[in-house]
Amino acid sequence: MSLTLTGPLYWSCMERMAARIADCGDYITALDAATGDGDHWVNLNMGFTELLEKKEELRDLELPDLFQAIAKILMTSIGGSSGVLYATAYLAAAKRTAGLTEIDLPELGEVLRVMAEAIMRRGKSKPGNKTMVDAIEPAARAMREAAAGGKGETEILSAMKQAAMAGAERTKDMPALRGRAYYQADKGVGHLDPGAVTMSYQLAVLADRLMEEIGDSAGETPESAFDAASPNAWNDKGMTYFDDAFDKARICFSRALALDPFHARYYHNRGRKGLSLDRFQEALADFQTVMRLDPEDDDSRHYCGVAYFFMGMYREAIEEFRDSLRLMIKNGVALIPPTVDWAWMAYMRLGEPERAKELLDEYVTPDMPCEQCDYNYKKRVLLYAGCTTPEEFEREIDRDDDVLGLTATYGLALYYRYLVEDHARCVEYLRQVLAYRTSHHAFAYKLAAMDLAELA
Ligand code: ADP
Ligand code: MG
């Protein structure tokens, strides 16, 4: 079933956008005070308030009529340049969809394109001028490229959202060529453009709402009773679910992100739960967003590698693991063993044992620090490097704790598969891993299941 966007569905997106805009007053006003005249949020919020007041008239309209009505309302209710620009965009959308009662995602990409073009024509602006165009134009492009590349609907939407946010983020370094910031001595360099940020919020909400519609529950409330106003409260709530209710945790992090879409930690946390839920593509997108927000984050770099690994993209995974290792050393982080372990597995899967061996020679020593990580990984890489015998390793397996037990046992399976090439023995240990009764979300369990499917 592919997604069809109708008037009522778009209206429900508008309601979410209105809530999102209503939420960010202080922040956007501060941005516009730094680069413009400080009224952008008041203007836009007035427009959305007016839309909400006309809900009864708007909620059941067909798509083109809804676009037309939104244009008219925004034109008269928003003062400032953004009123005219939004109205022009919605008029273009109405024209593009004339006669249609519903559209699919590729067509929505086209609608966003004509909206961006209408804004550019009306505002005599281009991408790179530090305006709202810098959010909507790349978003429309990413959406069309993802659709043309045959990507799935969730991927199309998440590409659109990522591009909108990254585009808004890039306005920080741009000197303004349009809008009031142009008249500032510094052309607003060092500040985000408020219009680009609010545009990216609306597009992010649109993507989230539509993902929810296609069964991705990213925007749903796990507990209707809980309705935190602050992103941090949502994040804390997510952490309480982190170890045993992955879906709920992920939803909480999405909520935090809806309120604060530039917060690297929330993406990291959601990515972690994406991995737990086997949503590798989305997890990867989250970790990549963290990397854009904080290029020095060794931990998210590591998890980018894990996501690639599960997607079967071992070459890309190795690149991420190697970069993560370099960053860890730079950042003084004692988490080397797990990342070496993953990179070693990736080389082995690619059939490059010499490379795998070089990696061990480079990083593995009996006294390598392993302070913040699962000690099992250190034992495993010492086993691969020949610093421990398999008998010694097996004796030390802690079978009382399922995660520890199965993670260590999987190390033995790998040892027999790749270093002894005794497949029968390997399969025996893989079966032991799969016999653990709990903790089936653990990476070693998932990998053992993959390996067994391959070997048995
Ligand atoms: P005003 O600049 O008239 O006070 P607002 O404060 O409501 O209008 O909106 C400001 C935002 O409008 C800017 O941050 C920018 O993103 C966008 N903007 C302003 N001028 C243009 C333009 N010529 N083309 C595209 N976007 C523009
Ligand atoms: Mg203004």
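**Second largest pocket**

I sorted the lining of the second largest pocket by class and got seven nonpolar, 12 polar and seven charged residues. The model I am working from is predicted. I put the space in this pocket at about 500 Å³. Its lining has 26 residues, and Ser81, Leu85, Gly179, Arg180 and Asp193 are the closest to the centre.

Next I asked which helices supply at least two residues each to the lining of this second largest pocket. They are helix H2 (25–35), helix H3 (40–53), H6, H7 and H10. H6 gives the most, with four residues.

**Largest pocket**

I moved on to the largest pocket, which holds about 690 Å³ of space. I listed 27 lining residues; Arg272, Tyr303, Tyr377, Val403 and Phe443 are the closest to the centre. Five helices came up as giving two or more residues to this lining: H13 (264–276), H15 (298–310), H17 (336–350), H21 (402–419) and H23 (443–455). I noted that H15 provides the largest share, five residues. By class, I have 15 nonpolar, six polar and six charged residues in the lining of the largest pocket.

**Cavities**

The largest cavity has a volume of about 130 Å³. I counted 14 lining residues for the largest cavity, with Tyr10, Tyr90, Leu112, Met115 and Leu203 nearest its centre. Helices H1 (7–23), H6 (80–96), H7 (105–123) and H10 (194–213) each supply at least two residues of that lining. I checked its classes too: 13 nonpolar, one polar and no charged residues. H6, H7 and H10 were already in my notes, as each also supplies at least two residues to the second largest pocket.

**Nonpolar cores**

I looked up the largest nonpolar core, which has 81 residues. Which of its residues touch the most other members? I wrote down Tyr10, Tyr90 and Leu210. H10 contributes the largest share of this core, 11 residues.

**Helix H11**

I went through H11, residues 231–241, for burial. I marked Pro231, Trp234, Asn235, Lys237, Gly238 and Tyr241 as buried. In general, an α-helix has 3.6 residues a turn, so residues three or four places apart point the same way. I then looked for what covers the buried residues of H11, and the cover includes helix H12 (246–259) and H13. H13 also gives residues to the lining of the largest pocket.

**Whole chain**

I ended with the overall figures. I counted 23 helices and two strands in the chain. Its C-alpha atoms fill a box of roughly 80 × 50 × 40 Å along the principal axes. Of its 456 residues, 56% count as buried. For contacts with a separation of 6 or more, I found that residues 24 or more positions apart account for 64%.

Notes
Residues are numbered from 1 along each chain as its sequence is written. Chains are lettered from A and ligands numbered from 1 in the order in which they are written. This is a predicted model: local features need pLDDT of at least 70, side-chain atom pairs count only at pLDDT 80 or more; totals for chains, interfaces and linings use all residues. Side-chain values use heavy atoms; hydrogens and water are left out. On a 1 Å grid over the protein atoms alone, a cavity is a set of points where a 1.4 Å probe fits but cannot get out, and a pocket is an open set with protein on both sides within 12 Å along at least five of seven lines; lining residues have an atom within 4 Å of a point. Grid points are joined across faces, edges and corners, and a volume is the space filled by probe spheres set on the points. Ala, Val, Leu, Ile, Met, Phe, Trp, Tyr, Cys and Pro count as nonpolar, Asp, Glu, Lys and Arg as charged, and the others, Gly among them, as polar. A nonpolar core is a set of buried Ala, Val, Leu, Ile, Met, Phe, Trp, Tyr and Cys residues joined through side-chain atoms within 4.5 Å. Buried means under 20% relative accessible area, exposed over 50%, partly exposed in between (1.4 Å probe, protein chains only). Contact means heavy atoms within 4.5 Å.
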